[in-house]
Amino acid sequence: MAPQRGRGLAAFPSPVVMISILAVAMAAIAFVATRGQGPGEREVALPTGTAPSVTTAPTIKPDPTKQPTLDRSKVLVEVYNNSGEQGLAAEVGDRAGGLGWQVVFGTDGWYGTVPASTVYFPARLRVQARQLALDLGIKRVLPAVDPMRGDRLTVILTGPLG
């Protein structure tokens with residue numbers, strides 16, 4: 001006798017289908033349960049009689065007697081003009097030299113794009129670069145890139161300094 005189709009046999013869905021149906025049902029329940037609640041901040045109530053504590057770090061003032069001295073005359077500086085303003089590199093180079101920096105050749109034009117006046121430094125001259133930037137009123141200080149030399153600071157100007 002051959003089995004008959006459609007009688008007495010029940011087809012059950014696969015476990016993947018069952019899990020999918022269960023996941024959709026859970027998502028629908030979560031959606032309905034959280035409706036109307038915004039994702040905003042919630043107030044946390046402290047127990048009565050307690051106040052939040054705020055801890056501040058102690059202020060450390062630098063000791064001027066322990067500050068390393070910076071000998072500007074031992075730091076080589078090259079100044080380049082990237083602004084198109086005639087004589088700007090020479091003017092700023094003279095200004096840096098007047099402050100004690102050892103300005104060497106390079107008071108010329110820089111070819112390339114620099115977004116703002118910058119002091120570039122090799123790793124060992126980071127502190128000196130920050131000081132030169134302060135002396136000249138330059139806000140950008142970045143590590144040197146090719147083809148800058150590794151024994152000096154490189155200043156690239158994009159306009160007159162304040």
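**View 1. The largest nonpolar core of the predicted model.** Among the 19 residues of the largest nonpolar core, those that touch the most other members are Leu132, Leu153 and Val155; a nonpolar core is a set of buried Ala, Val, Leu, Ile, Met, Phe, Trp, Tyr and Cys residues joined through side-chain atoms within 4.5 Å, where buried means under 20% relative accessible area, exposed over 50% and partly exposed in between (1.4 Å probe, protein chains only). Two or more residues each come from strand 1 (76–81), helix 2 (88–98), strand 4, helix 3 and strand 6 (152–157), with helices (H or I, at least four residues) and strands (E, at least two) taken as DSSP runs numbered from the N terminus. The model is predicted, and local features need pLDDT of at least 70, side-chain atom pairs count only at pLDDT 80 or more, and totals for chains, interfaces and linings use all residues. Residues are numbered from 1 along each chain as its sequence is written, and side-chain values use heavy atoms, with hydrogens and water left out.

**View 2. Surroundings of Leu132.** Leaving aside residues up to four places away in sequence, Leu132 touches Val77, Ala96, Trp101, Val119, Leu153 and Val155 (contact means heavy atoms within 4.5 Å).

**View 3. Pro160 after strand 6.** Pro160, in the segment that follows strand 6, counts as exposed because its relative accessibility is 58%. Pro160 touches Glu85 and Leu88, not counting residues up to four places away in sequence, while the C-alpha atoms of Pro160 and Ser117, 43 residues apart in sequence, are 8.8 Å apart in space.
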